[in-house]
Amino acid sequence: MGEAGFVGRRPCRPLLVVAVLAVVLLGSCCAEAAADDKISSSRKGATGGSRRRRTSRRRAEAAGPLMVPITVLKSAVDDGAVCMDGTPPAYHLDPGSGAGNNSWIVNLEGGGWCNNVRACQFRRTSRRGSSDLMEKEIPFGGIMSSSPADNPDFYNWNRVKLRYCDGASFAGEGFDKENGFYFRGQRIWDAVIRHLLSIGMASADQVLLTGCSAGGLAVILHCDEFQAFFPHTTTVKCLADAGLFLDAVDVSGGRSLRSYYSDIVAMQGVAPNLPPACTARLDSTSCFFPQNVIDGIKTPIFLLNAAYDVWQIQESLAPNGADPSGAWRACKSNRSACDASQMKFLQDFRDQMVASVRGFSGSGSSGLFINSCFAHCQSELPATWSNAAAGSPAIQNKGIARSVGDWYFGRAEVKAIDCPYPCDGTCRHII
């Protein structure tokens, strides 16, 4: 995605008021290291050698993001917890240190879904469907960064990224014998979380489940399950970044994303693993949409989303199938190319997103940051997580990293919704 430039200053008036709670409306925005189940002996972070290694890691990160090696969880295969091609699941762990030694972030990787044989076949032969094809090390940035300057609240926590290789937001259960597809997302979720508990996370003082895009949706679906793994003495919270996928009408008057989600749920056997509070009143496809799930989540959860989510604009609102004439081709890739009627359509989508969180925002434990960026996923990129110099998103001069930290540690209530684009201040929009 390239930058589309800067927006000049323009007055903005509050457009939403949530009863009792003060929702912020004014502001501006921006833009195989281990082949078995064992992890490095540096896990506990107690030795001088471990501290020296972490110091050198942070120095290296000053010149670039920390690269974290992969761990392939071979024992999970015994429980049928396998990627789409039958290979074991995998994760990356950077151990905590100091005051963060007993705190954990578990990050669920995103990366779309697959809804038919052709799409799943393509996925199975990529890193999204096979641990054999995954990178042996990946960068940790944003909320996963080990830099105290970039990630002051979580830099020294145990930080884990659970790799995504099932195609249904860690929620599928099934096996397509004819095509050889394993849909075992739910088993992967369960097996890796239980493994992490066995290597130290069970005694954590505080934990945060987070993820972006399809991983953000997975956070919403699994948040209460995650809390159930821990005693009441552990602080458990969740952060869903770019996971608020809406059941919206597309430019042709149809519902492209609903059709797509319906195929995913049916093909991958997702229904039994959806939140019961939702499936008791709605069909399973509806319960794959976060707007129908978030009000029933009991665990404290923070929703981070761009009101003009570029993935949803391109793949839900104006996918090629709904735009055969190509009238939206330029607009969905560059907001400056949108005409007045197209901008009105996008503003209506923004209003639908705001309306979808109205009930959710009334919960005292919830957190909210919806900015007016044209973006998708903001918590794992340094430029959007905490880099004010690069024009990272802010609402009332408070950026994403500080907002999430304030909410998690109870320093302040965070219910922030930016005014509609173009918003007040010099606002960098990424598209």
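**Close-ups from a predicted model**

View 1. L257, Y261, I264, V265 and Q268 are the buried residues here. They fall within an arc of only 95° around the axis, so they sit on the same side of α5. Their packing partners are β7 (174–176), β8 (181–183), α4 (214–228) and α7 (310–317).

View 2. D241 belongs to strand β10 (residues 235–241). The nearest side chain of opposite charge is K161, 9.4 Å away. Instead, look for the D241 side chain reaching the backbone nitrogen of S379 at 2.7 Å. Contacts of D241 beyond its neighbours within four places in sequence include G211, C212, L304, C377 and E380.

**View 3. K161 meets E380.** These two form a salt bridge, with the closest N and O atoms 3.0 Å apart. K161 is in strand β6 (residues 158–162) and E380 in the loop between β12 (367–371) and α9 (382–385), so the bridge ties together parts 219 residues apart in sequence. K161 is buried at 7% relative accessibility, while E380 is partly exposed at 23%.

**View 4. E109 and R128, a buried pair.** Both residues are buried, and their side chains meet in a salt bridge (3.0 Å, N to O). E109 is in the loop between β4 (103–108) and α2 (117–124), and R128 in the loop between α2 and β5 (137–140).

How values were computed: Residues are numbered from 1 along each chain as its sequence is written. This is a predicted model: local features need pLDDT of at least 70, side-chain atom pairs count only at pLDDT 80 or more; totals for chains, interfaces and linings use all residues. Side-chain values use heavy atoms; hydrogens and water are left out. Buried means under 20% relative accessible area, exposed over 50%, partly exposed in between (1.4 Å probe, protein chains only). Helices (H or I, at least four residues) and strands (E, at least two) are DSSP runs, numbered from the N terminus. The arc is that of the directions from the helix axis to the C-beta atoms. Contact means heavy atoms within 4.5 Å. Lys and Arg count as positive and Asp and Glu as negative; His and the chain ends are not counted. A salt bridge is a side-chain nitrogen of Lys or Arg within 4 Å of a carboxyl oxygen of Asp or Glu. A polar contact is a pair of N or O atoms within 3.5 Å; within protein, one must be able to donate a hydrogen and the other to accept it, and residues adjacent in sequence count only if both atoms are side-chain atoms.
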